[in-house]
Amino acid sequence: MSAKYDQFIANDVTSNRSNVARQMLIKEYKKLGHGAFGTVVQAYLTPDNHKWYGPFAIKKVPAQTEYKSRELEILRVADHPNVVKLEYFFTHVSPSDNKLYQHLAMECLPETLQLEIHRYTSNKFELPLKHVKLYTYQIARGMLYLHALGICHRDIKPSNVLVDPNTGVLKICDFGSAKKLEPTQPSISYICSRFYRAPELIVGCTQYTTQIDIWGLGCVMGEMLIGKAVFQGQEPLLQLREISKLLGPPDKKFLFFSNPSYDGPLFSKPLFTGTPAQRFEKHFGNAGPEGIDLLMKVLVYEPESRLSPRRIMAHSFFDDLRKERYFFPRGHTQPKYMPSLFEFSQFELQILGELASQVTPQE
Ligand SMILES: Nc1ncnc2c1ncn2[C@@H]1O[C@H](COP(=O)(O)OP(=O)(O)OP(=O)(O)O)[C@@H](O)[C@H]1O
């Protein structure tokens with residue numbers, strides 16, 4: 001291994017599996033990304049210069065902020081095939097600015113869904129429908145788990161979804177905005193990236209539920225189908241205008257329950273023609289009738305009317321995944337067996353309840 005980047009020794013590198021802390025040498029290889037709060041680098045870890053662990057994606061965020069501690073707290077407990085796994089964590093003072101940084105070493109995936117969508121659009125294609133099904137199903141399965149724990153991701157978007165296009169595996173990442181929602185406590189409404197913000201967030205609701213993530217799932221599914229963000233508001237309030245073009249304007253009941261004191265624009269003058277079904281058909285025709293039906297049940301104003309993760313997983317749009325366990329990875333002419341989609345834990349089976357048999361393939 002030839003080092004191109006930084007290397008440093010960190011004390012107290014804690015394994016999230018065993019909880020044991022020890023000194024390790026960290027070798028960084030390349031930058032994977034950077035966001036509002038920190039940078040992500042690919043790195044290997046060694047306790048003795050012989051055994052190497054990795055590659056990991058190490059996210060560095062300034063230590064001792066509320067953001068950081070929530071992200072660590074959530075990643076420490078999250079253990080699911082569709083949620084990025086935290087392997088090690090430690091704090092370390094950066095020699096460049098002498099500040100303390102929290103380091104989260106997570107399993108590393110080759111790409112984000114954003115890049116995967118971009119690969120197709122730059123060649124004037126959209127993702128094959130089978131891939132849309134495979135990825136949307138896994139987002140729903142990750143959400144089934146997170147939401148059952150009360151964890152709301154609050155920033156679902158294609159760049160926060162990691163994929164391995166070769167295996168078809170998908171994992172939700174970036175828990176920097178995530179929060180365990182308590183039913184009686186308000187939360188800030190100014191979260192989530194604009195194009196993916198649920199309508200209740202746009203109108204300033206502070207008692208929202210994990211259903212804001214379901215809106216994000218709908219936006220991500222739609223983006224995979226059409227190759228670009230479904231609702232591209234040029235500024236925060238204009239985001240509602242974009243939504244109104246497809247769904248029609250929000251009604252009084254929605255506003256009453258979301259934020260009765262909202263006094264922003266409502267876009268009640270028709271900005272569209274035809275029925276909602278015709279507009280969805282026009283936008284997402286390539287999803288087929290089942291895909292359109294699913295989107296129409298996910299992209300709805302009332303959060304409680306949006307399908308839950310388990311109802312999404314049970315939707316007939318995913319019957320193909322249950323019947324035919326192969327897919328063609330990008331650039332492959334030979335089919336490949338799909339990743340594990342239905343090997344549910346006892347916890348998942350409990351949440352799926354009576355829908356478990358509908359979600360699982362019938363041999
Ligand atoms: N486990 C991982 N494997 C591979 N790449 C990753 C991984 N985690 C993060 N990345 C890359 O780093 C980018 C930023 O990571 P992340 O979203 O967690 O940081 P952030 O500071 O919260 O960013 P943002 O402000 O854009 O949300 C991701 O979009 C992705 O490209």
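Figure 1. The C-alpha centres of domain 1 and domain 2 lie 29 Å apart, and the contact between the two takes 15 residues from domain 1 and 19 residues from domain 2. The model is predicted, and its domain assignment gives residues 7-107 to domain 1 and residues 111-359 to domain 2. The chain contains 13 helices and 13 strands, and because its radius of gyration of 21 Å is close to the 21 Å that the globule rule gives for 363 residues, it is as compact as a globular protein of that length. Taken along the principal axes, the C-alpha atoms fill a box of roughly 65 × 50 × 40 Å. Buried residues make up 53% of the 363 residues, and of the contacts with a separation of 6 or more, 62% are between residues 24 or more positions apart.

**Figure 2. The nonpolar cores.** The largest nonpolar core has 92 residues, of which Y137, F231, L247, F284 and I312 touch the most other members. Both domain 1 (7-107) and domain 2 (111-359) give residues to this core, so it lies between them. Another core, of 13 residues, lies apart from the largest one and has I26, L45, I58 and A105 among its members. When its neighbours within four places in sequence are left aside, L247 is in contact with W215, F231, R279, F280, L299, V300 and Y301.

Figure 3. Helix α6 spans residues 238-247, and seven of its 10 residues are buried, so the helix is largely enclosed by the rest of the structure. The buried residues of α6 are Q239, L240, E242, I243, S244, L246 and L247, and what covers them includes α4 (199-202), α5 (211-226) and α8 (276-284). After α6 comes G248, whose phi is positive, near 90°.

**Figure 4. T210 in the loop between α4 and α5.** T210 has its place in the loop between α4 and α5, and with a relative accessibility of 17% T210 counts as buried. Not counting residues up to four places away in sequence, T210 touches H147, G150, I151, C152 and L181.

Figure 5. Three strands, in the order β7-β9-β10, form an open sheet in which the pairing is antiparallel. The edge strands are β7 (111-112) and β10 (169-172), each of which pairs on one side only. Two bridges link β7 to β9 (residues 161-164) in the antiparallel sense, and E111 stands opposite V163 of β9. Between β9 and β10 there are four bridges, again in the antiparallel sense, and L162 has K171 in β10 as its bridge partner. The hairpin of β9 and β10 has four residues between the strands, and within this hairpin G168 takes a positive phi near 80°. Helix α3 (residues 129-148) lies across β9 and β10, and runs at about 40° to β10.

Figure 6. N160 lies in the loop between β8 (151-152) and β9, and at 5% relative accessibility N160 counts as buried. Leaving aside neighbours within four places in sequence, the residues in contact with N160 are H153, D155, K171, I172, C173 and D174. N160 and Q114 are 46 residues apart in sequence, while their C-alpha atoms are 8.2 Å apart in space.

Figure 7. Strands β3 (residues 39-46) and β4 (residues 53-62) run antiparallel and are joined by six bridges, with V40 standing opposite K59 in β4. In the hairpin of β3 and β4, which has six residues between the strands, N49 takes a positive phi near 70°. Strand β4 is also joined to β6 (residues 100-107), in this case by seven bridges, and the two strands run antiparallel. The bridge partner of F56 in β6 is E107.

Definitions and conventions:
Residues are numbered from 1 along each chain as its sequence is written. This is a predicted model: local features need pLDDT of at least 70, side-chain atom pairs count only at pLDDT 80 or more; totals for chains, interfaces and linings use all residues. Side-chain values use heavy atoms; hydrogens and water are left out. Two strands pair if DSSP finds at least two bridges between them. Contact means heavy atoms within 4.5 Å. Axes are lines fitted to C-alpha atoms, for helices over the stretch in contact, and angles run from 0 to 180 degrees between N-to-C directions. A nonpolar core is a set of buried Ala, Val, Leu, Ile, Met, Phe, Trp, Tyr and Cys residues joined through side-chain atoms within 4.5 Å. Buried means under 20% relative accessible area, exposed over 50%, partly exposed in between (1.4 Å probe, protein chains only). Domain bounds come from an automatic or database domain assignment. The radius of gyration is taken over C-alpha atoms; the globule rule is 2.2 Å times the number of residues to the power 0.38.
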